[in-house]
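Good morning. I will walk through one structure, a few residues at a time, and give the cut-offs as the terms come up.

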Amino acid sequence: MRTMIIFGMLFLNIELAQARDYSRIFAKVDPAIVVIETSETNIEFSDKGVVQTTSRGLGSGVIFAKTGQILTASHVVHDANELTVELHDGRRLKARVLASVISADLAVIELVNPPENLVVAKLGDSDDTRIGEEVFVIGAPYGLDHTLTTGNLSGRRVQTDGVVFPKVEFLQTDAPINQGNSGGPMFNIRGEVIGIVSSIQSQSGGNEGLGFAASINMAKDVIIDPVSYTHLRAHETDSYLVCR
C-alpha cells in the first residue's frame, strides 16, 4: 500500500510538472512587452511617373532599460521611416532606431519620450538553458497582442562564417511562432529573457514547430553593450548600422 501511495504521489508530481501554470509569471513579465508598428516609404517608378507608396509592418519587442530602450528584431525596424510603440497599458509612443545588426537580426530602439516607471524585463543567461527545458514566447502573432505560447528549447544553431561577427547563435524552439511574433522575447521558466524571436522555417507559411530566436548572450555582445557606450559614433556597413 505504501509503495502504491508513493507511486501515486510521483505520478501526480509528474502531471503537475507537465501542466505548468504560467499565469503568475506571465502577469509579471507581460508589462515589459510592446507591440511595434512600422511605416516605410517607398519610391516606385511606373508608366505614370514616380509614385510614392507606404507599407506598414507589425512586430514585437521587450523593454530592457528604464530609459526606454527596447530590444527587437532587425528585420522589423531596419528599413522603417516611422516607429510607433504600443505599451501594455495601451499608450502609443514614438520611437527611433538606435542600432540594428542585420547579420544577427537584432535591433535596439528607443522611446522618444519615455514615461516614468517603465516595467523592464530581466535579461538572463542563454547559455544556462539546456536543450529540452521549457520556454515561452510573448508577442503579437497576426496582430493578436500579448499572446503567450509555450514549448521547449529544441536546439542551438551557430553560424561561424560571419564577416562582422565570427559567431552568430540562434536558439531553436517548438513554441508556436507566427507573423507578428518577430522581435518578441523568448523566456526561460524563471521569466528571464533568453532570446529574441527572429524567424520560422515553414513550408506552409505558418508555424510548423521550427522557430528561431537570437540568443540573448549574443545580443549582449553585439548590440546591448555597444549601444550603452556614451562615446558611440554613427557608422554604417552592409551588415551593421548604428544611429544616434
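Start with Glu169, whose side chain makes a polar contact of 3.4 Å with the side chain of Arg156. A polar contact here is a pair of N or O atoms within 3.5 Å; within protein, one atom must be able to donate a hydrogen and the other to accept it, and residues adjacent in sequence count only if both atoms are side-chain atoms.

Before going on, a word on the source. This is a predicted model, in which local features need pLDDT of at least 70 and side-chain atom pairs count only at pLDDT 80 or more, while totals for chains, interfaces and linings use all residues. Residues are numbered from 1 along each chain as its sequence is written, and side-chain values use heavy atoms, with hydrogens and water left out.

Back to Glu169. The side chains of Glu169 and Ser215 are also joined by a polar contact, at 2.9 Å. Where does Glu169 lie? Glu169 is in strand β10, residues 168–173. Strands (E, at least two residues) and helices (H or I, at least four) are DSSP runs, numbered from the N terminus.

Is Glu169 buried or exposed? Its relative accessibility is 8%, so Glu169 counts as buried. Buried means under 20% relative accessible area, exposed means over 50%, and partly exposed is in between, with a 1.4 Å probe and protein chains only. Apart from neighbours within four places in sequence, the residues in contact with Glu169 include Ser126, Asp127, Val158 and Met218. Contact means heavy atoms within 4.5 Å.

Met218 is the next stop. Met218 sits in helix α4, residues 216–227, and is buried as well, with a relative accessible area of 6%. Leaving aside neighbours within four places in sequence, Met218 is in contact with Ala104, Leu106, Lys167, Val168 and Glu169. One of these, Leu106, is 112 residues from Met218 along the chain, yet their C-alpha atoms are separated by 9.4 Å.

Now the salt bridges. Side chains of opposite charge can pair when their charged atoms come close. A salt bridge is a side-chain nitrogen of Lys or Arg within 4 Å of a carboxyl oxygen of Asp or Glu. How many salt bridges are there by this rule? The count comes to eight.

Take Glu37 and Arg92, whose side chains meet in a salt bridge at 2.8 Å, N to O. Glu37 lies in strand β1 (residues 33–46) and Arg92 in strand β5 (residues 92–101), so the pair ties together parts that are 55 residues apart in sequence. Glu37 is partly exposed, at 28% relative accessible area, and Arg92 is partly exposed at 46%. Arg92 also meets Glu86 in a salt bridge, at 3.4 Å, N to O.

Another pair is Glu110 and Arg96, with a salt bridge of 2.8 Å, N to O. Glu110 belongs to strand β6 and Arg96 to strand β5, so this pair ties together parts that are 14 residues apart in sequence. Glu110 is buried, with a relative accessible area of 15%, whereas Arg96 counts as partly exposed at 39%.

Two loop residues come next. Asn117 has a positive phi of about 60° although it is not a glycine. Asn117 is in the loop between β6 (106–111) and β7 (122–123), and counts as exposed at 70% relative accessibility. His146, also not a glycine, has a positive phi near 60°. His146 lies in the loop between β8 (134–139) and β9 (147–159), and is buried, with a relative accessible area of 16%.

Last, the largest pocket. On a 1 Å grid over the protein atoms alone, a pocket is an open set of points where a 1.4 Å probe fits, with protein on both sides within 12 Å along at least five of seven lines; lining residues have an atom within 4 Å of a point. Which residues lie nearest the centre of the largest pocket? The lining has 25 residues, and Leu58, His75, Gln179, Gly180 and Ser182 lie nearest the centre. The elements giving two or more residues to this lining are β1, β2 (49–63), α3 (74–77) and β12.

That is the end of the tour. Questions are welcome.
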